[in-house]
Amino acid sequence: MRRIPRPDGPSGPSSSRPPRPGNPGNLPAELTRFIGRDDELTALAQRLESARLVTLTGLGGIGKSRLARHAAAILQDRFCDGVRLVEVSSLRDPQALEHAFAEALAPADHTGRPPRAALCDHLAGRELLLVLDGYEHLVAECAELAGELLRRAPGLRVLAAGRRPLGLAGEHTLPLPPMNAADAVDLFADRAGAVVADFAVRPSNEAAVAELCRRLDRIPLALELAAGRLRALSVDQVLHRLDDRFRLLTGTTRGALPRHQTLRTAIGWSHELCTPQERLLWARLSVFAGQFDLEAAEYVCTGPDLPPDELLDVVAELVGQSVLVREEGAAGVRYRMLDTVRAYGAGWLEAAGDGDRLRRRHRDWFLGLATWCELDWFSPRQAEVAARIEAELPNLRVALEQSLECEGDAYLGQYLAGTLWFYWVGCGRLSEGRQWLDRALELESDHDDARLKALWVVGHVAVLQGDTLGAMAALQECRDEADRTGNATAAAYALHRTGCLALVCDDMPRAEKLLRGALVRYREIGELNSNVLMGQVELAMAVAFQGELACAVQLCEDVRQVCGDHGERWTLAYALFVLAFAAWTGGEGGRARQLLEECLTIDHAFHDLLGAVLAIELLALVTLGDGDAAEAAVLQGAAGRIWPSVGLPLFGSRYFNQPHALCEERARERLGAERYEECVRAGGGLDLDQTVARILDRTQQVPGPLAAVQIAPPATSTPAASPSASGGGETAG
């Protein structure tokens with residue numbers, strides 16, 4: 001039997017007295033192997049050392065009863081009067097509660113005294129652990145009786161397992177989460193092996209088993225029921241049928257508690273214990289995906305039947321019953337439902353005929369949130385905005401889906417996909433953003449402004465991905481339609497992104513002309529935000545690549561000043577990159593490294609893969625200049641791993657690629673081809689987090705004097721990222 005080390009502490013149950021004879025306890029024997037939950041078992045042992053009432057709370061089927069009984073079996077030697085189990089789930093009459101306690105805890109009493117009095121007298125001098133299970137439907141009565149027993153019997157400790165706390169003074173609650181991923185797979189494999197004799201997790205099925213466990217929220221009951229289905233189905237077949245999990249996951253195991261016979265019954269038991277308002281909120285909250293906050297719930301779910309001033313109390317009750325999980329992170333206090341709980345609530349929402357209305361309210365809330373976040377991106381709250389959108393991404397996806405699937409709402413999907421430009425571009429989501437934008441633009445819309453915004457944003461994303469033809473098509477359409485409709489804002493953005501396209505296609509004179517023109521237009525319409533500042537940084541790149549370093553530095557120092565005034569960090573990182581390029585070109589390797597490390601720190605914080613990989617590429621060359629060719633090759637390998645997640649490496653541009661090519665040429669000369677490739681492969685094994693840590697934690701070396709290196713313009717300005725382009729000119733943009 002598993003042993004748990006007893007924590008030190010003077011307040012724990014006594015172990016100096018031997019167990020009394022005739023006190024074997026009444027815990028049932030375990031019929032299946034107990035798997036996992038090591039951390040929870042240790043936590044329970046520690047809590048019972050310092051507290052006399054410890055309550056395991058959690059959703060139906062999460063494993064509260066099994067864990068409580070297993071822990072009690074392990075801990076029974078600490079209590080000289082043993083462990084006693086009181087199972088309350090089958091009781092319906094509160095009057096029978098005292099008799100149930102007496103039957104489990106005390107010998108038969110024939111004196112005619114009330115059962116409670118006999119219980120208190122029997123327990124008064126005993127050291128005993130009481131396991132109280134399945135009490136949630138009689139929570140008030142159980143709490144009152146358990147409280148009196150604890151007051152009258154100082155040697156009594158109670159380990160309760162239920163879907164909500166008892167609510168007594170001194171109670172320590174331990175919410176039970178789903179199993180961890182490894183233990184969930186072990187549990188499924190163990191139960192599946194009892195059904196299919198030769199079942200094992202193998203390379204051929206391990207991905208399907210892991211996905212099945214994830215889809216079932218790693219809920220032990222759900223995993224055991226799914227394993228039972230292997231009598232007739234394969235793992236893949238079970239996985240494919242999970243869209244109707246409540247019909248699929250039923251069991252026929254004799255002897256199981258009635259509430260554990262099916263997944264629907266286990267979740268439905270929690271539903272029955274809810275008040276009408278709690279059931280209503282449960283159903284309405286099912287429209288959320290992932291996490292949500294209180295403000296979103298208030299907007300989406302309240303109404304005449306659920307007033308806003310009552311919502312907080314109802315949310316608190318659902319948290320107490322483990323229907324909702326409370327979590328706290330970078331975006332503050334948030335709530336979420338397990339997918340299984342959400343699916344149950346969604347069934348009730350559809351049955352009530354209120355699903356469409358709630359989904360529209362959900363979409364409207366997240367449209368407003370995206371609008372606010374776009375405005376707040378250009379502020380000192382930029383990092384908070386990034387964290388908020390990251391936390392809300394599952395809900396934003398649902399809102400996008402809702403907009404694009406509902407007839408007449410395509411313009412809302414175009415608006416939302418375009419408004420999230422700062423997240424797609426600034427937080428490493430280019431590929432996903434492109435998918436939503438392309439899908440939105442496939443739909444017809446009578447709202448020109450929303451479509452024009454989606455067009456220039458998809459053009460921007462396509463430029464960064466190295467998709468020259470896609471960018472040209474979207475930006476040209478945007479410019480034409482903006483001129484036709486008189487939308488000066490869209491015209492300015494389209495001109496700006498066309499200049500950016502010329503930049504990555506190596507047409508520096510044209511890029512300079514277009515970008516200067518866009519900045520003039522921005523000033524004319526009073527536009528100032530991160531995009532506008534990025535246009536100035538891109539102009540600095542264009543002039544730097546033409547050898548005008550002083551002009552590039554001045555442009556970026558101006559951007560640096562404005563960023564400081566507004567608390568803007570994302571565009572600042574790109575300005576620092578250009579300043580580092582200028583410093584390195586001028587032979588200031590130490591200053592270049594300092595600027596690039598600051599740049600990389602910002603990019604990594606935003607998870608901006610493009611900014612980060614550009615910084616790493618240039619840092620490789622700076623590192624080579626410091627005399628460490630091997631480390632330079634490692635950084636090139638690390639950058640090579642990141643580029644596929646961004647798009648065409650270095651945009652296919654000769655200008656952007658020249659530092660990389662120079663670094664590779666010189667590193668190969670110093671290391672030899674074999675050693676160079678070995679270092680590149682080593683770098684390819686590093687993820688972004690490891691690469692950033694390697695760079696920022698590296699012992700700084702004082703670089704020796706570097707010869708100034710000037711990158712000469714390539715011999716041609718043919719758009720390098722376009723496989724079919726034959727020249728520059730207006731048609732190329």
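Reader: Is leucine 369 buried or exposed?

Author: In this predicted model, leucine 369 lies in helix α16. Its relative accessible area is 7%. Buried means under 20%, so leucine 369 is buried.

Reader: Which residues does leucine 369 touch, not counting residues up to four places away in sequence?

Author: Leucine 369 and isoleucine 389 are 20 residues apart in sequence, with C-alpha atoms 8.8 Å apart in space. With residues up to four places away in sequence not counted, the residues that leucine 369 touches are Arg388 and Glu392.

Reader: How many of the ten residues of helix α18 are buried?

Author: Helix α18 covers residues 410-419. The buried residues in α18 are Ala410, Leu412, Gly413, Gln414, Leu416, Ala417, Gly418 and Thr419. Helix α18 is therefore largely enclosed by the rest of the structure, the number of buried residues being eight of the ten.

Reader: What covers the buried residues of α18?

Author: Leucine 369 belongs to helix α16, and this helix, residues 355-376, is part of the cover over α18. The cover of the buried residues of α18 includes α16, α17 (382-405), α19 (421-426), α20 (430-441) and α21 (448-465).

Reader: Which residues have the most contacts inside the largest nonpolar core?

Author: The largest nonpolar core has 222 residues. Its largest share, 14 residues, comes from helix α27, residues 570-585. Apart from this core lies another, of 29 residues, including Ala100, Tyr135, Cys142 and Leu166. Within the largest core, the residues with the most contacts are Phe188 and Leu285.

Reader: Which residues does leucine 285 touch, not counting residues up to four places away in sequence?

Author: Leucine 285 is one of the residues with the most contacts inside the largest nonpolar core. Leaving out residues up to four places away in sequence, leucine 285 touches Phe292, Ala297, Cys301, Leu318, Leu324 and Met337.

Reader: Is α27 roughly parallel or roughly antiparallel to α29?

Author: The axes of α27 and helix α29, residues 609-625, come within 11 Å and cross at roughly 15°. Angles under 35 degrees count as roughly parallel, which makes α27, relative to α29, roughly parallel. The crossing in which α27 passes α29 is left-handed. The orientation asked for is thus roughly parallel.

Reader: How many nonpolar residues has the contact of α27 with α29?

Author: From α27, the residues in this contact are Tyr574, Phe577, Ala580, Phe581 and Trp584. They meet Leu610, Gly611, Leu614, Ala615, Leu618, Leu621 and Val622 in α29. By class, the contact has no charged residues and one polar residue, and its nonpolar residues number eleven.

Conventions. Residues numbered from 1 in each chain as written. Predicted model: local features only at pLDDT ≥ 70, side-chain atom pairs only at ≥ 80, totals over all residues. Heavy atoms only, no water. Core = buried A, V, L, I, M, F, W, Y, C linked by side-chain atoms within 4.5 Å. Buried < 20%, exposed > 50% of the residue type's maximum accessible area, 1.4 Å probe, protein only. Helix = DSSP H or I, 4+ residues; strand = E, 2+ residues; numbered from the N terminus. Contact = heavy atoms within 4.5 Å. Axes fitted to C-alpha atoms, helices over the stretch in contact; angles between N-to-C directions. Parallel < 35°, antiparallel > 145°, perpendicular 65-115°, else oblique. Left-handed = near helix turned anticlockwise from the far one by under 90°. Nonpolar A, V, L, I, M, F, W, Y, C, P; charged D, E, K, R; others polar.
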